[in-house]
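Thank you all for coming. Please have a look at the chain on the screen, and then I will walk you through how its parts are arranged.

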Amino acid sequence: MSRRRGKAVEEEKADIDLTPMLDVVFIMLIFFIVTASFVKEKALDVNVPDPDQTQQTPPDPDKQNILLTVNANDEIWMGASRIDSRAVRARIAQLYAENPQAIVIVRAHNKSSADTYVQIADAAKEVSPGIQVSLVPFEK
């Protein structure tokens, strides 16, 4: 019988109390949440016209805008010609010099990447910091 009592005492000693460990884990979790620095994401300033507004106001024929089209493969088109992303700035500068009131309008396909729009907007801002760049959805 003494042998059975010894095993029972050993089994009671083998139990581990997890409460202090959980307390430490929660304190560490609170510490990391409080000390974490949250990154604020920078948003793009995109001018998208309202659908009602675009249908009601016809474009001004005297005011020639700079129209760029981006297809699903991120290819940039100006009129009927495809242009390289490195030549966008030069083409915008040329057309903007002819008409300083022009607005750069980017017609982008839904499957095109935002990086292509950012490249075009950056190129336009290099030409003139005050130039307005608008994003219009691609319609078939």
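The secondary structure comes to five helices and five strands, where helices (H or I, at least four residues) and strands (E, at least two) are DSSP runs, numbered from the N terminus. This is a predicted model, in which local features need pLDDT of at least 70 and side-chain atom pairs count only at pLDDT 80 or more, while totals for chains, interfaces and linings use all residues. Residues are numbered from 1 along each chain as its sequence is written, and side-chain values use heavy atoms, with hydrogens and water left out.

Along the sequence, the pattern reads α-α-α-β-β-β-α-β-α-β. The five strands form an open sheet with mixed pairing, in the order β3-β2-β1-β4-β5, and two strands count as paired if DSSP finds at least two bridges between them. Because β3 (81-83) and β5 (133-137) stand at the edges with a single partner strand each, one side of each is left without a neighbour in the sheet.

Let us look at one pair. Strand β4 (residues 104-108) runs parallel to β5 and is joined to it by five bridges; within this pairing, Ile-105 has Ser-134 of β5 as its bridge partner.

Helix α4 (residues 88-98) packs on the sheet, where it touches β1 (66-70), β2 (76-78), β3 and β4, contact meaning heavy atoms within 4.5 Å.

Finally, how much of the chain is buried? Of its 140 residues, 21% count as buried, that is, under 20% relative accessible area with a 1.4 Å probe, protein chains only.

Conventions
Axes fitted to C-alpha atoms, helices over the stretch in contact; angles between N-to-C directions. Buried < 20%, exposed > 50% of the residue type's maximum accessible area, 1.4 Å probe, protein only.
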